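User: Please take a close look at one helix in this model and its packing against its neighbours. I would like one connected account.

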Amino acid sequence: MSSPQNPASEAAEEAGPRPVRLTAAAALTALEGFALVVGGAWVAVLGLTGHPDDRQQAVTGGVTLIVLALLPLLAARGLLGRRSWSRGPALITQIIALPVAYNLLQADSMAIPAGIALAVVAVAALVLLINAETTRALGIRGPGNAQDQK
């Protein structure tokens, strides 16, 4: 007995294999999520084991980064599953990453390479997410095309 699916996921499955661009966008989004988890764990561990100015603030910051990682990780999972809802959170992740990358680039430290890497990943993911092939694979229709759903 097959499980009931929504029409959008059925249409995505009928469209053929997942496009490479969609898989790449999901991988980049997941990479950002994993980086947030690692960064959050690092901040939390340093807050617990090191000598921060405010231990509670350091641990809270680390936990916050780990919780924020849920957005890109869930979006990446949705992109791999060709769920149309997943493009919005993935786009939001990239848009938020750009000012973070800019701030890292303004630092006079070892953060500059991290800023460059983050900027490259965010721009690449944005380009992949707004690509027409990705949009079609996710079953997203533009304005004025609502009647084409049949």
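Analyst: Ala 41 counts as partly exposed, because its relative accessibility is 34%, a value between the 20% and 50% cut-offs. Ala 41 lies in helix H2. The model is a predicted one, and the values below are computed from it.

Start with what Ala 41 faces. Its C-alpha is 7.1 Å from the C-alpha of Ile 66 in space. In sequence, Ala 41 and Ile 66 are 25 residues apart. Both residues belong to the contact between H2 and H3, Ala 41 on the H2 side and Ile 66 on the H3 side.

Now the geometry of that pair. H2 covers residues 20-49, and H3 covers residues 55-68. Their axes come within 7 Å and cross at roughly 165°. H2 and H3 are therefore roughly antiparallel to each other, since an angle over 145 degrees counts as such. The crossing of H2 and H3 is left-handed.

Which residues make the contact between H2 and H3? From H2 come Leu 36, Val 37, Gly 39, Gly 40, Ala 41, Val 43, Ala 44, Gly 47, Leu 48 and Thr 49. From H3 come Arg 55, Ala 58, Val 59, Gly 61, Gly 62, Leu 65, Ile 66 and Leu 68. By class, the residues of this contact divide into 11 nonpolar, 6 polar and 1 charged.

The crossing of H2 and H4 is left-handed. On the H2 side, the contact is made by Leu 22, Thr 23, Ala 25, Ala 26, Thr 29, Ala 30, Gly 33, Phe 34, Leu 36 and Val 37. On the H4 side stand Pro 72, Leu 73, Ala 75, Ala 76, Leu 79 and Leu 80. This contact of H2 with H4 has 13 nonpolar, 3 polar and no charged residues.

The C-alpha atoms of Phe 34 and Leu 70 are 9.3 Å apart in space. Phe 34 and Leu 70 are 36 residues apart in sequence.

Past H4 comes another residue to check. Arg 82 is found in the loop between H4 and helix H5 (87-106). Its phi is near 55°, a positive value in a residue other than glycine. Most residues other than glycine have a negative phi. Arg 82 counts as buried, because its relative accessibility is 10%, under the 20% limit.

Last, the setting. The protein chain has 7 helices and 0 strands. Buried residues make up 31% of its 150 residues. Of the contacts with a separation of 6 or more, 65% join residues 24 or more positions apart. The chain exposes about 9,600 Å², and carbon and sulfur atoms supply 67% of that area.

Conventions: Residues are numbered from 1 along each chain as its sequence is written. This is a predicted model: local features need pLDDT of at least 70, side-chain atom pairs count only at pLDDT 80 or more; totals for chains, interfaces and linings use all residues. Side-chain values use heavy atoms; hydrogens and water are left out. Axes are lines fitted to C-alpha atoms, for helices over the stretch in contact, and angles run from 0 to 180 degrees between N-to-C directions. Helices (H or I, at least four residues) and strands (E, at least two) are DSSP runs, numbered from the N terminus. Angles under 35 degrees count as roughly parallel, over 145 as roughly antiparallel, 65 to 115 as roughly perpendicular and the rest as oblique. A crossing is left-handed if the near helix is turned anticlockwise from the far one by less than a right angle, and right-handed if clockwise. Contact means heavy atoms within 4.5 Å. Ala, Val, Leu, Ile, Met, Phe, Trp, Tyr, Cys and Pro count as nonpolar, Asp, Glu, Lys and Arg as charged, and the others, Gly among them, as polar. Buried means under 20% relative accessible area, exposed over 50%, partly exposed in between (1.4 Å probe, protein chains only). Accessible areas come from the Shrake-Rupley method with a 1.4 Å probe; for residues, only the protein chains shown count as cover.
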